[in-house]
Amino acid sequence: MADFKSVSLADQVFEKLENDIIAGVYPRGEILTELKLVEQLGVSRTPIREALRRLEHERLIADSGKGSVVLGITENDLMDIMDIRKSVEALATFYACINMTAEGMKELRNIIELQEFYYAKHDLEHLQQLDDRFHDAICNLSGRTVIRDTLVPLHRKTRRYRKIAIENADRLEHSIKEHQEIFNAMVAKNPNLAAQLTSDHIEKAKEHMITRFNYNG
């Protein structure tokens with residue numbers, strides 16, 4: 001981890017550990033100690049300690065007395081996260097539609113066109129990035145700080161399961177079509193329809209994620 005910049009070392013350690021916990025690198029039940037992480041990441045105890053404090057606040061780990069036990073994301077966690085996303089992201093889409101700018105519409109159109117391009121090439125890596133960009137763009141275009149602050153960490157926590165969903169050809173095809181339908185509703189300046197389509201999209205994603213969670217853990 002020698003490429004870490006000292007000015008934001010704690011943030012980078014936190015992001016690294018958060019991603020690894022969500023991705024299953026550190027499975028549920030594993031004990032993390034400061035010494036173990038110092039050796040693995042090659043940084044001092046201070047940023048490790050700060051990162052662990054933040055991870056505990058995010059309920060991804062808990063103090064066990066012998067170190068920090070990994071909690072990860074449970075099935076109930078995933079269901080709750082997706083239910084919250086379903087409501088809040090629909091609201092974000094509603095406001096994004098109302099507050100849409102020419103630049104915002106151009107950004108969404110570009111994402112939709114790139115999704116079609118990379119779908120034809122079956123480029124899963126770019127499609128995952130574009131899925132993130134689509135949802136992040138709507139979040140930002142809503143112009144609502146509280147909505148964005150609510151959704152961003154939830155997007156991070158579901159990244160692993162969104163990736164698994166994208167790797168499923170049937171779900172991937174439907175997801176891209178659903179994005180297109182949401183975009184079309186926004187072009188038509190129909191915020192209520194765009195919000196409903198987003199809610200439906202998240203519900204379908206939730207159903208697929210829960211199925212894959214029970215299969216893969």
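A cavity, in the sense used for these views, is a set of grid points where a 1.4 Å probe fits but cannot get out, and its lining residues have an atom within 4 Å of a point. The model shown in every view is a predicted one.

**View A. The second largest cavity and the residues that line it.**
About 60 Å³ of space lies in the second largest cavity, and its lining is made up of Gln 115, Leu 127, Asp 131, Ile 166, Leu 172, Ser 175, Ile 176 and His 179. Helices H6 and H9 each supply at least two residues of this lining, and H9 gives the most, with 4 residues. Sorted by class, the lining of the second largest cavity has 4 nonpolar, 3 polar and 1 charged residues.

The structure has 2 cavities of 30 Å³ or more, and the largest cavity has a volume of about 130 Å³. Of the 14 residues that line the largest cavity, Asp 131, Arg 162, Ala 165, Ser 175 and Ala 205 are the closest to its centre. Two or more lining residues come from each of helix H4 (75–98), helix H6 (124–141), helix H8 (159–166), helix H9 (169–187) and helix H10 (191–216), and the largest share, 4 residues, belongs to H10. By class, the lining of the largest cavity has 7 nonpolar, 3 polar and 4 charged residues. Readers who compare this view with View A will find Asp 131 named among the residues closest to the centre of the largest cavity and also in the lining of the second largest cavity.

The structure holds 2 aromatic pairs. In the pair shown here, the ring centres of Phe 94 and Tyr 95 are 5.5 Å apart and the ring planes stand at 85 degrees, so the pair is edge-to-face. Phe 94 has a relative accessibility of 23% and therefore counts as partly exposed.

**View D. The aromatic pair of Phe 117 and Tyr 118.**
Phe 117 and Tyr 118 also form an edge-to-face pair, with 5.0 Å from centre to centre and 80 degrees between the planes. Are the two residues of this pair buried or partly exposed? Phe 117, at 42% relative accessibility, counts as partly exposed, whereas Tyr 118, with a relative accessible area of 17%, is buried, because the cut-off for buried is under 20%.

**View E. Arg 54 over the ring of Phe 14.**
In this view Arg 54 lies over the face of Phe 14, at 4.0 Å from the ring centre.

A disulfide is a covalent bond between the sulfur atoms of two cysteines. The structure holds 0 disulfides, and Cys 97 is in none, the nearest cysteine sulfur being that of Cys 139, 16 Å away. Why does this separation leave Cys 97 without a disulfide? The sulfur atoms of a disulfide must be within 2.5 Å of each other, and for Cys 97 the nearest cysteine sulfur is 16 Å away. Cys 97 counts as buried at 8% relative accessibility, and Cys 139 counts as buried at 2%.

Technical notes:
Residues numbered from 1 in each chain as written. Predicted model: local features only at pLDDT ≥ 70, side-chain atom pairs only at ≥ 80, totals over all residues. Heavy atoms only, no water. Phe/Tyr/Trp six-rings, centres within 6.5 Å; stacked < 30°, edge-to-face > 60°. Buried < 20%, exposed > 50% of the residue type's maximum accessible area, 1.4 Å probe, protein only. Lys NZ or Arg CZ within 6 Å of the ring centre and 35° of its normal. 1 Å grid on protein atoms, 1.4 Å probe; cavity = no way out; pocket = protein on both sides within 12 Å on 5 of 7 lines; lining within 4 Å. Points joined across faces, edges and corners; volume = space filled by probe spheres on them. Nonpolar A, V, L, I, M, F, W, Y, C, P; charged D, E, K, R; others polar.
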